[in-house]
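Hello,

Please find the structure below, followed by notes on what turned up in it.

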Amino acid sequence: MALKIVMFSDYICPFCYVGFETIRKLKPEFDFQIEWRGFQIHPDWPAAGIPVEKMRGPGEAESRQALWKRISAMAEATGFSMKPPTVLTNSRAALAATEFARESGRDELLEERIYRAYFNEGENIGDAGVVARLAAEAGLDAGEVAEAIKSPKYEMRLKNNSLAAHQRGVSGVPTFFIGEFPLVGAQNLDAMRAILKRATERFAS
């Protein structure tokens, strides 16, 4: 039986993108099952988005620049690239679409497409129309995704994800549960490889 990993994450979190790609990169090396769980960190942000400049206070431009230098270096070390989003947005539509995609096993494909759209292409993933188009690019039916985004069924799943996260003590993302062991924050490739190696050995013994 494979090791079970649960990852709580949100599309608007750059470290979640790093964590997502790190896990995908290590998949061929380890026997594990990954379960992606959406956990919204800024439900208060509007779906229309807030331009990044409007959120900056005095001196924040410099600290943001330093933060993104670090994030970009982590991404490059994992073998992909990303850049700061131009708009801070609400991820609810994207997370609901992912719950729908999970039913056909296309959730990982959709996640990759949404992350890339937000952190490389300047797309506003708070816009349900944008999410439906991205879902079509990941092989889903855009009309069905648009309906799913509005459906109480997927809204309930997001609430259940949030409840499960709180019950397990999750207060930030990304948070991984490797078996029952929590791991908070994105790790570099070598650190995550070592963690998974130890976890796999423990799990097998």
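**Findings**

Lys-27 sits in the loop that links helix H1 (14-26) to strand S2 (32-38). Please keep in mind that this is a predicted model. With a relative accessibility of 30%, Lys-27 counts as partly exposed, because that class lies between the limits of 20% for buried and 50% for exposed. Leaving aside neighbours within four places in sequence, Lys-27 is in contact with Phe-32, Ile-34 and Glu-108. Thr-86 is 59 residues from Lys-27 along the chain, and the C-alpha atoms of the two are separated by 31 Å.

Next, a helix pair. Helix H4 (residues 92-102) packs against helix H8 (residues 152-167) at an angle of about 100°, and their axes are 9 Å apart. H4 and H8 are therefore roughly perpendicular to each other, since angles of 65 to 115 degrees fall in that class. On the H4 side the contact is made by Arg-92, Leu-95, Ala-96, Glu-99 and Phe-100, which meet Tyr-154, Glu-155, Arg-157, Leu-158 and Asn-161 of H8. By type, the residues of this contact are five nonpolar, four charged and one polar.

Last, the core. In soluble globular proteins, nonpolar side chains tend to be buried together. The largest nonpolar core here has 70 residues, and those that touch the most other members are Phe-8, Met-82 and Ile-178.

Regards

Methods:
Residues numbered from 1 in each chain as written. Predicted model: local features only at pLDDT ≥ 70, side-chain atom pairs only at ≥ 80, totals over all residues. Heavy atoms only, no water. Axes fitted to C-alpha atoms, helices over the stretch in contact; angles between N-to-C directions. Helix = DSSP H or I, 4+ residues; strand = E, 2+ residues; numbered from the N terminus. Parallel < 35°, antiparallel > 145°, perpendicular 65-115°, else oblique. Contact = heavy atoms within 4.5 Å. Nonpolar A, V, L, I, M, F, W, Y, C, P; charged D, E, K, R; others polar. Buried < 20%, exposed > 50% of the residue type's maximum accessible area, 1.4 Å probe, protein only. Core = buried A, V, L, I, M, F, W, Y, C linked by side-chain atoms within 4.5 Å.
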